[in-house]
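Reader: I would like to learn how to read a model of this kind, feature by feature. Could you take me through it with the general idea before each case?

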Amino acid sequence: MAVSQGSAVFFGGWGVLETVLFGGIMYGWPSLVFVLKGERYFSHLCKCETNCTETNASTNAGPTSCAAQDEQFNLIFAITGAVVCIFLVLSGTIFDRLGTFIARLLGSVVFLAGSLMIAFSTPAISYVLYPAVLCVMYGGFCILVTNVQLGNLLTKGRNIMICIMNGSFDSSSFITLVVKLLYKGGVTLRVSFITISATYIICLVSTCLWLPRKIIPYPLSDDFEMKIRFLCKPAAVKKKNEKQKTLNDGKINNAFELDTNNKSVQIGAKCQNLRVSNAEMSVDDITLNKEDGYSMEPSQLQPLKAALLSSLFWTDVLWFVSNNLRVAFFLGNFNSWITFLTKGNTQNVSLYTSVFSSISLTSIIVSILAGAIIDRRTTAPVGSLAFKLEKLRHFIPMFYLNIGLGVLLSACAAIPVLELQYFTFVVFVFHRTFIY
């Protein structure tokens, strides 16, 4: 393999850093809502009624928390989350057809646009949060989607790396806790998000310097190479002599000549002629290793239609959607839920929000456990049907465990005991991490 283990660990570690810093910022929504309420976003919807909390009676701006305000924050998270899930189909298509470079550039532009919209928003234009949060959330998912493929660089521990990447996405919610703590220390929301936008250059560095233009294939081809490039050198290098290839054990290697006149293939020094009819193979059927990625042969690729017609696919989608809805509902309603449990005590709301975000940071550690369960040793030959079934069986304990965690999460959240919610936060971290 052209990519050394040391290089694979470096590239994977950089991808984890990117995902932690920018991937799932908006999933720290409870901390961000606390700051937005402090900035009096949507406070114009509030009136001094029994369902509001007055924190600054000396001003004419109205109370800083009420049911109408909470409804707007809940709607922002719910609507943007649903729209992003629809847009991810588009981003997946772009990633498949145009490759990593275009997908990440698109995600970068969208993320930076959303981040700057939040930075320069004001309570007078509170509704700009709808497109802003949508852009930041979508851009974060683009980072995750393009970084998950870094697991393909590892010969062992591929699933662990993929789970760590997803755990990093969950831990990214810790960034909004930092924004919240800085806000309480006197740093404005504008300064925080301008800083986030400026540090996003980390993602542009990897996009331009070493990530492939297309994708990282799995399994890796022998001539795939990924390294830091300067002066626009390609990250995945083709062999110098592409005109000469050889057919060996169904794979295309060096030194072959295809004579299109007599439809014969001359192989190596033996120059054996293989008669190929038009019905069996054409020049286009021979899959060459293209620059910056694709090396899988058509026979190795499963068409999308086959997946859509699979009952296993749709049952997995049903399982994922039901669990993800539970997570989205919990995050979207967190602030109003904790405000209710604390009876509007701002200090307790701040405390429990900070504790929740701090516990969420451990998702990256929990993900290692999830990856280890999935990445258990298999005895069947790689690529065989038995191998695929054995790997599939490794997922079964995760499915049952996550269903149990989801039921436990809902039960604990429904019990109106404030101190119990520390345990609820821990259950939430395991549940959310195991989903991915």
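Author: What follows goes from the whole chain to its salt bridges, its core and its surface. Please keep in mind throughout that the model is predicted.

Reader: How many helices and strands does the chain have, and what share of its residues counts as buried?

Author: The chain has 16 helices and seven strands, and 44% of its 436 residues count as buried. Among contacts between residues at least 6 apart in sequence, 70% join residues at least 24 apart. The chain exposes about 22,000 Å², of which carbon and sulfur atoms supply 66%.

Reader: Which residues does UniProt list under "transmembrane region"?

Author: The unreviewed UniProt entry lists several stretches under that name, including residues 102–121 and 127–148. In the model, residues 102–121 are 90% helix and 0% strand, with the end C-alpha atoms 29 Å apart, while residues 127–148 are 91% helix and 0% strand, with the end C-alpha atoms 33 Å apart.

Reader: How should I read salt bridges, and how many does a search of the whole structure find?

Author: Side chains of opposite charge can pair when their charged atoms come close. The search finds three salt bridges here. In one of them, arginine 104 pairs with glutamate 18, and the closest N and O atoms are 3.0 Å apart. This pair links distant parts of the chain, since arginine 104 belongs to helix α4 and glutamate 18 to helix α1, 86 residues apart. Both arginine 104 and glutamate 18 are buried.

Reader: Which residue forms a salt bridge with lysine 37, and which with aspartate 170?

Author: Lysine 37 pairs with aspartate 70, the closest N and O atoms being 2.5 Å apart; here helix α2 holds the lysine and helix α3 the aspartate, 33 residues apart. Burial is read against a cut-off of under 20% relative accessible area, so lysine 37, at 9%, is buried, and aspartate 70, at 12%, is buried as well. Aspartate 170 forms a salt bridge with arginine 432, with the closest N and O atoms 3.1 Å apart. Aspartate 170 lies in helix α6 and arginine 432 in helix α16, so this pair ties together parts that are 262 residues apart in sequence. Aspartate 170 counts as buried because its relative accessibility is 0%, and arginine 432 counts as buried at 4%.

Reader: What makes up the largest nonpolar core?

Author: In soluble globular proteins, nonpolar side chains tend to be buried together. In this model the largest nonpolar core has 84 residues, and those with the most contacts inside it are Met26, Trp29, Leu153 and Met226. Helix α5 gives the largest share of this core, 13 residues. For Leu153, one further distance can be given: its C-alpha atom is separated by 8.5 Å from that of valine 9, although the two are 144 residues apart along the chain. Valine 9 lies in helix α1 and is exposed, with a relative accessible area of 52%.

Reader: Which residues of helix α7 are buried, and what covers them?

Author: The buried residues of α7 are Ile175, Thr176, Leu177, Val179 and Lys180, and their cover includes α1, α2, α8 and α13. Just after α7, glycine 186 takes a positive phi of about 110°.

Reader: Which residues make the nonpolar surface patch?

Author: Leu304, Leu308, Phe313 and Trp314 make a patch of about 410 Å², and helices α10 and α11 each give two or more residues to it. Tryptophan 314 lies in α11 and, at 46% relative accessibility, counts as partly exposed.

Definitions and conventions. Residues numbered from 1 in each chain as written. Predicted model: local features only at pLDDT ≥ 70, side-chain atom pairs only at ≥ 80, totals over all residues. Heavy atoms only, no water. UniProt positions renumbered as here; feature names shortened; annotations may be inferred. Helix = DSSP H or I, 4+ residues; strand = E, 2+ residues; numbered from the N terminus. Core = buried A, V, L, I, M, F, W, Y, C linked by side-chain atoms within 4.5 Å. Buried < 20%, exposed > 50% of the residue type's maximum accessible area, 1.4 Å probe, protein only. Patch = residues over 30% accessible without salt bridge, like charges linked within 9 Å, V, L, I, M, F, W, Y side chains within 5 Å. Areas by Shrake-Rupley, 256 points an atom, 1.4 Å probe, with all protein chains shown as cover. Salt bridge = Lys/Arg side-chain N within 4 Å of Asp/Glu carboxyl O. Contact = heavy atoms within 4.5 Å.
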